[in-house]
Amino acid sequence: MTQPIGTTVNPLLKGDKEKTTVTPKTSYRQIRLSKESVVNFLPEQPRDRKQVPKVLASLIGDAVCGSLRWPMVIGGQPGVGKTSAMMALLDRCEPSCKYWTMDEFADLMRQALMGKMESRSGYNVSETDFKVDIIDSQVVVIDDLNDRDRASDHRYRSLKWLLDSRKGFPLIIISNMKMVEVVDRYDAYIASRLRGGNVTWLEGKDMRKDSEPGEVY
Ligand SMILES: Nc1ncnc2c1ncn2[C@@H]1O[C@H](COP(=O)(O)OP(=O)(O)OP(=O)(O)O)[C@@H](O)[C@H]1O
Ligand SMILES: [Mg+2]
């Protein structure tokens, strides 16, 4: 089948969806930041750029320079500033960027698969439209990949699809799990795809203790 220049048929979308063409924006391999800051997600989350842990600030710098291997995988104990750092980054990204917790992403994937997804204006959003929108986003961030038990089949397949679809493009996965736990709760296939990117474990103090005063037990 002849394809128009600059478009590819996404092999990950099957059947009817094979007809869907996606134009990869090669400029999206690196994250270009806008000068202006706009709160796109989690307005309540503090996001002072100066308080972003140095290791994370340096990784974001690499992503901006285009020298970072995707996905960026950030692990770390609770409260070290992972979500706040992502907000500081996403505030300067295009509106096409996505931020979901893993629970939210898995729920949305289920809605899309069941044909129950609606846009804000009430129109049905097909599975294909939802997936193409994700593939075509500047940056996708999945927060709280925290599984205490073995991941469900749906959760597993959703994450696998995302990792394969965003291969080589900005995808940030934030987790409290170490890689051995990822192998345990998902499998070696998922862990290998995460390790193929840039994996960092953040050590540091729980910043919640400093900023949210109260009796500590
Ligand atoms: N860059 C920042 N600017 C301002 N406050 C921050 C920053 N980073 C962390 N904090 C403070 O520390 C708290 C915890 O940060 P954050 O929610 O980012 O941690 P986390 O690593 O995502 O934790 P968890 O794994 O529990 O989700 C924030 O609610 C905020 O009070
Ligand atoms: Mg967090």
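The buried residues of helix H7 are covered by elements that include strand E3 (72–76), helix H5 (153–165), strand E6 (171–175), helix H6 (179–185) and strand E7 (198–202), where contact requires that the C-beta atoms of two residues, placed from the backbone, lie within 7 Å. Helices (H or I, at least four residues) and strands (E, at least two) are DSSP runs, numbered from the N terminus. The model is a predicted one, in which local features need pLDDT of at least 70 and side-chain atom pairs count only at pLDDT 80 or more, while totals for chains, interfaces and linings use all residues. Residues are numbered from 1 along each chain as its sequence is written, and chains are lettered from A and ligands numbered from 1 in the order in which they are written.

Within H7, which spans residues 188–195, the buried residues are Ile190, Ala191, Arg193 and Leu194; a residue is buried if 20 or more other C-beta atoms lie within 10 Å of its own, exposed if 12 or fewer, and partly exposed in between, with C-beta atoms placed from the backbone. Seen down the axis of H7, these buried residues fall within an arc of 160°, so they line one face of the helix, the arc being that of the directions from the helix axis to the C-beta atoms. An α-helix has 3.6 residues a turn, so residues three or four places apart point the same way. The face of H7 turned away from its buried side carries the exposed residues Ala188 and Tyr189.

Turning to the ligand, the shell around ligand 1 draws its largest share, five residues, from H2, and both helix H2 (82–90) and helix H8 (207–211) supply at least two residues each. Of the 19 residues around ligand 1, those that come nearest are Pro46, Pro78, Gly81, Ser84 and Met207, a residue being near if its C-beta atom, placed from the backbone, lies within 6 Å. Ser84 has its place in helix H2 and is buried because 22 other C-beta atoms lie within 10 Å. Not counting residues up to four places away in sequence, Ser84 touches Gln45, Pro46 and Arg47.
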